Amino acid sequence: MIPADLVDLSRLQFAVTAMYHFLFVPLTLGLSFMLVAMEVTYVITGKQIYKDMTRFWGKLFGINFALGVATGITMEFQFGTNWAYYSHYVGDIFGAPLAIEGLMAFFLESTFIGLFFFGWDRLSKGKHLAATCMMALGSNLSALWILIANAWMMSPVGSEFNFETMRMEMTDFWAVVTSEWAQAKFVHTIAGGYMTGAIFVMALSAFYMLRRQDVKFAKSSFRLAAAFGIIASVMTIQMGDESGYLVTRDQPTKIAAMEAIWETHEAPAPMAVFAIPDEENRTNKVEISVPYVFGIMGTRSLSTEIPGINQLVETAKDRIVNGQAAVATLEALRKDPKNTELQEAFLAKKDDLGFGLLLKRYTNDVANATPDMIEKAALDTVPSVTPMFWSFRLMVGSGLVMALVFVLGLVYSMKNTIHEKRWFLRLAFLSLPLPWIACEAGWFVAEYGRQPWTIFNVLPTHLSVSSLSAADVAGSLTGFAILYTALIIVEMYLMIKLGKKGPSTLGTGRYHFEQNK
């Protein structure tokens, strides 16, 4: 059996590096297309202020992009160092989109970011705008291929387990690329990034207006960001709803934990606005619900039930028992691969193979696992409810507050009274952390909610790790934590330094600190 501390440390290391990296990604995604919007406005109107906006916000984009790349490179290496069996088991499928991301999207983005910064005086307006568009496209394509890989982990379509090679193998590349999960995750993630970019620009612009610094520049930036943010909010809400529907349909244990649903409720199920889950007794101590809402949203019907955790655990027990037979048959088949009877017996049970492998956390002799082991493995199929329940609400709550800020910001901007609404400018500035809170909470829900699987219903997490010692992983985890913390300190120092000076950093002689020397 794999040592529990090795699995936990490997999970923690990947969580730390992923969560650190995703502090940079949303702002890169969000600012990339905001720069396109600013430069399009400059090309159409010819107004210098929009060129200055593109250049100034582009500086902050460049800092964030560079540090995002530095934190992202190490993540892909971890698949080989810390998750060797996972890489062996699904590398034929998972490796393809990551390779395409590196060859196509990353090089596209990296090439045109150079033209963006150094091409202002060397390219015509139209050519420079084209370079900016390609830079933004590269950023989003990079996210696309990574999210296709991640979506496959959530819903492993276009693939089959080969008992001869003991690996998952791709059967339909197009199915992997165009899966509903891939589409929903991509649009929802980039829309969240667009909201991050919009809040970032609005918050800094509000800061300038509160200080009466470069007010005209700040008002123009604020108005464009508010309009961009409203569009992004609509996209985020729409694809969030689609993601919720897919989770309800394909990952019932995750949605049950997100909503603290312990017992199957008569359709349509209510939505819990507030609850205090009691995981030991598998019930909620306190619950405040709105009737019918979740059943309608989650299933898009009035008659489809959403199974509760207690029922899902019982279902998991049945699948684990079937999985026992699948594991036993597979072991026999490996000794006699030409035996057609064994092949037929395995094919009949192979959909539950992953559930049988869950027992390897408790015993190497899966076929003779005890009822107590089966019970424990069944309980493992449901992620911890309390962190899932509250992380989901933290994400949604942060998103709704941002949407309100966008709407009010655009209304006040169109009325040209935004600089007078000092209470709202303070609110907009204080909203700066919200998109990162929402993004981090959302990724936690998505990834922690998939547990105990690396590939949902296929490969358990505890079987995916490399043959390392816990001390090795603890050492590298400490190193990553120190390095990434240093990078975030550098990012914050540079962002704050340039952010405080604002467009005066452009050296045009037109802005606050240059005119008040």
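A salt bridge is taken here as a side-chain nitrogen of Lys or Arg within 4 Å of a carboxyl oxygen of Asp or Glu. The structure is a predicted model, and by this rule it contains 14 salt bridges.

Select D241 and R300 to begin. These two residues form a salt bridge in which the closest N and O atoms are 3.2 Å apart. Because D241 belongs to helix α8 (residues 215–250) and R300 to the loop between α10 (293–299) and α11 (309–335), the pair ties together parts that are 59 residues apart in sequence. Colour the two by accessibility: D241 is partly exposed, with a relative accessible area of 29%, and R300 is also partly exposed, at 43%.

E314 is partly exposed, its relative accessible area being 40%.

Now select E447 and R450. How far apart are the closest N and O atoms of this salt bridge? The distance between them is 2.6 Å. Is R450 buried or exposed? R450 counts as buried, at 5% relative accessibility, a value that falls under the 20% cut-off.

Finally, select E180, R249 and D250 together. A network of salt bridges links these three residues.

Technical notes:
Residues numbered from 1 in each chain as written. Predicted model: local features only at pLDDT ≥ 70, side-chain atom pairs only at ≥ 80, totals over all residues. Heavy atoms only, no water. Helix = DSSP H or I, 4+ residues; strand = E, 2+ residues; numbered from the N terminus. Buried < 20%, exposed > 50% of the residue type's maximum accessible area, 1.4 Å probe, protein only.
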